Amino acid sequence: MAEKNGEIEEMPLWKKQLEDLFQAFSLIADDKYVFLSDMEHDYSIWSRNAVDTFDLPGTHMINAGLEWEKKIHPDDRDTYHKSIELIFSGEMNSHDMQYRAMEKNGRYDMCTCRGIVMRDDHGKPKYFGGSIKNHTLENKVDQLTGLMNRAGFFELLSDHIKNHIEATIVMFGPSKFSRVNSLYGYEIGNKTIYQMARKFADEFGNFGDYFRLDGTQSILISHSINIDQLKEKYEKLSLWMQEGIEVDDYKVPLRLNGAFLKLDQFNVDDNTIFVCLNTAFQKSKREENGALVDFNDLANDKSQETIQKINKIRISIMDNFKGFEMFYQPIVDAKTEKLIAAEALLRWSNEEFGYVPPDVFMPVVELDARFYLLGLWIIKKSISDCKEFVKNRKDFLLHVNIAYTQLQKSSFVRDVIKVIEEVGYPPENLCLELTERCRLIEKNRLKNIVAQLKSYGVRFALDDFGTGYSSANLIRDLDLDIVKIDRSFIRDIETSDKENRALKCFVEYSDIYGAETCVEGIENQLMREKALGCSAVALQGFHYSRPIPFNEFKEWADKRI
């Protein structure tokens with residue numbers, strides 16, 4: 001009510017309804033700023049904490065959109081303005097964006113604004129209301145770009161999982177950014193990151209929340225973007241980066257990589273979702289030349305089941321490695337067919353999923369921070385199994401696979417030696433198998449790791465030779481003891497003269513650099529004879545045995561003496 005000419009004037013009904021609805025909004029706002037606008041009269045009510053923080057004219061305002069726009073950072077203002085125009089023209093029903101807004105002390109705070117349009121019985125827009133969350137007050141803002149940071153991302157992702165909110169999550173990032181710092185210096189590097197982050201935030205400004213993770217990766221959580229829109233914007237941004245990001249007097253060309261995942265299941269934790277998304281991103285970066293990768297495709301259209309399995313496996317790692325066990329596949333001398341070695345292979349199963357093949361979970365789990373613990377467990381479990389076995393077989397060699405992510409850990413050499421000494425296993429009876437992906441490790445670092453462990457007595461093998469373009473370089477650059485020829489190169493060796501000649505070349509090339517060769521995938525006697533004819537030293541495959549539990553392996557070994 002108001003007083004006019006000595007008489008009390010009744011509040012218009014539309015204002016009373018607006019006040020009542022605003023009170024309802026405020027009750028569920030938690031620590032957010034709340035706003036509600038009557039769109040016909042362009043009259044808004046704002047929460048007192050927003051007015052005080054951002055020095056607004058008052059809690060009740062006419063044309064509040066224009067007043068609020070004055071507070072928004074100039075770089076974010078155009079995106080905001082376009083969104084509000086679409087809302088009030090009736091073309092959009094929701095508003096979901098990030099921007100920086102200036103406090104009364106002149107500091108810009110990163111905010112997330114979410115609003116919806118409510119229509120009357122005739123479908124005409126009536127109210128526009130929502131809330132604004134200030135992330136700067138929670139220390140969840142990246143200082144370089146002004147975007148929300150890693151902590152903010154995981155908080156929001158956890159909130160989505162807890163409250164069963166579906167979303168599309170997208171990860172972006174450039175390749176080989178370290179070259180930018182090397183060529184132009186860190187100042188230009190930081191400016192490039194800023195330009196890139198702001199460009200992406202502008203493009204996706206009205207589609208959700210945008211975050212900068214550590215380094216150069218960014219993530220979008222969106223409730224409104226569809227796949228066609230995502231692909232269109234991704235191609236646009238990819239082209240923009242290829243043409244070169246303008247920084248001072250430079251144009252910095254970069255390749256964009258990206259991946260996305262549909263969050264539509266909620267019986268997993270936030271780290272599992274992140275690891276699965278990062279797996280698809282790494283595929284874009286290392287195998288797909290920057291193409292946008294859908295995790296659903298990576299998981300063979302069984303993404304929900306795959307994510308659930310990964311979640312269970314991650315929990316198993318922390319539950320004293322429950323469900324994990326080691327199997328062993330024999331390796332024999334090519335000439336005598338006597339046992340000379342075995343490869344330790346990880347297996348996992350549980351009551352819900354049964355046996356899960358390692359190719360389903362290993363590419364994902366290897367990118368998880370917890371994998372390092374599992375990797376050490378694999379070494380410890382394998383050498384513990386074989387400790388007594390090697391006492392009567394002095395020349396027996398146990399092969400254990402090492403992922404490139406393990407090699408990135410600065411304590412890797414120290415931790416491996418510690419495990420060997422704790423178990424009391426002879427290091428000369430251990431061979432660590434490196435995959436072709438180890439080329440991702442800086443060359444001198446990899447050479448130092450190999451040299452340090454070889455001086456301790458450990459031997460090294462290169463696994464899956466021929467599956468990557470730089471395998472030959474690894475043989476040349478590293479002091480390897482063994483090269484394992486991938487089974488894909490001998491699949492048709494029984495009938496293919498080309499495969500025979502290729503295998504012989506591989507063996508000769510390895511021999512030049514002092515490495516013996518082990519041929520994988522031997523499935524019958526004729527394949528064995530062909531491999532022997534190419535001077536292979538060792539053989540491995542189903543012709544001799546599938547991977548089997550250790551007790552069965554010991555029984556098998558006893559029969560081969």
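## Second largest cavity

Helix α7 gives four residues to the lining of the second largest cavity, the largest share of that lining. The model is a predicted one. The space in the second largest cavity is about 80 Å³. Its lining is made up of 14 residues, and those closest to the centre are Phe172, Met196, Tyr210, Thr216 and Ser218. Two or more lining residues come from each of β9 (167-174), α7 and β10.

By class, eight residues of this lining are nonpolar, five are polar and one is charged.

## Largest cavity

The count of cavities of 30 Å³ or more comes to three. The largest cavity holds about 110 Å³ of space. Its lining has 14 residues, and Gln98, Tyr99, Arg198, Ala201 and Gly205 lie nearest the centre. The elements that supply two or more residues to this lining are α4, β6, α7 and β10 (208-212).

The lining of the largest cavity divides into seven nonpolar, four polar and three charged residues.

## Helix α4

Just after α4, Gly90 has a positive phi of about 85°.

Which residues of α4 are buried? They are Asp76, Thr79, Tyr80, Ser83, Ile84 and Ile87. The cover over these buried residues includes the helices α3 (64-71) and α7 (186-203), together with the strands β6 (94-102), β7 (108-119) and β8 (125-134).

## Helix α9

Helix α9 runs over residues 270-286 and has 17 residues. Its reach from first C-alpha to last is 24 Å, close to the 24 Å expected at 1.5 Å a residue. At the start of α9, a side-chain oxygen of Asp269 comes to within 3.3 Å of the backbone nitrogen of Asn271.

Why is α9 described as largely enclosed by the rest of the structure? Of its 17 residues, 13 are buried, and α9 is therefore largely enclosed. Buried here means under 20% relative accessible area.

Terms used:
Residues numbered from 1 in each chain as written. Predicted model: local features only at pLDDT ≥ 70, side-chain atom pairs only at ≥ 80, totals over all residues. Heavy atoms only, no water. Buried < 20%, exposed > 50% of the residue type's maximum accessible area, 1.4 Å probe, protein only. Contact = heavy atoms within 4.5 Å. 1 Å grid on protein atoms, 1.4 Å probe; cavity = no way out; pocket = protein on both sides within 12 Å on 5 of 7 lines; lining within 4 Å. Points joined across faces, edges and corners; volume = space filled by probe spheres on them. Nonpolar A, V, L, I, M, F, W, Y, C, P; charged D, E, K, R; others polar. Expected span 1.5 Å × (residues − 1). Polar contact = N/O pair within 3.5 Å; in protein donor to acceptor, adjacent residues only side chain to side chain.
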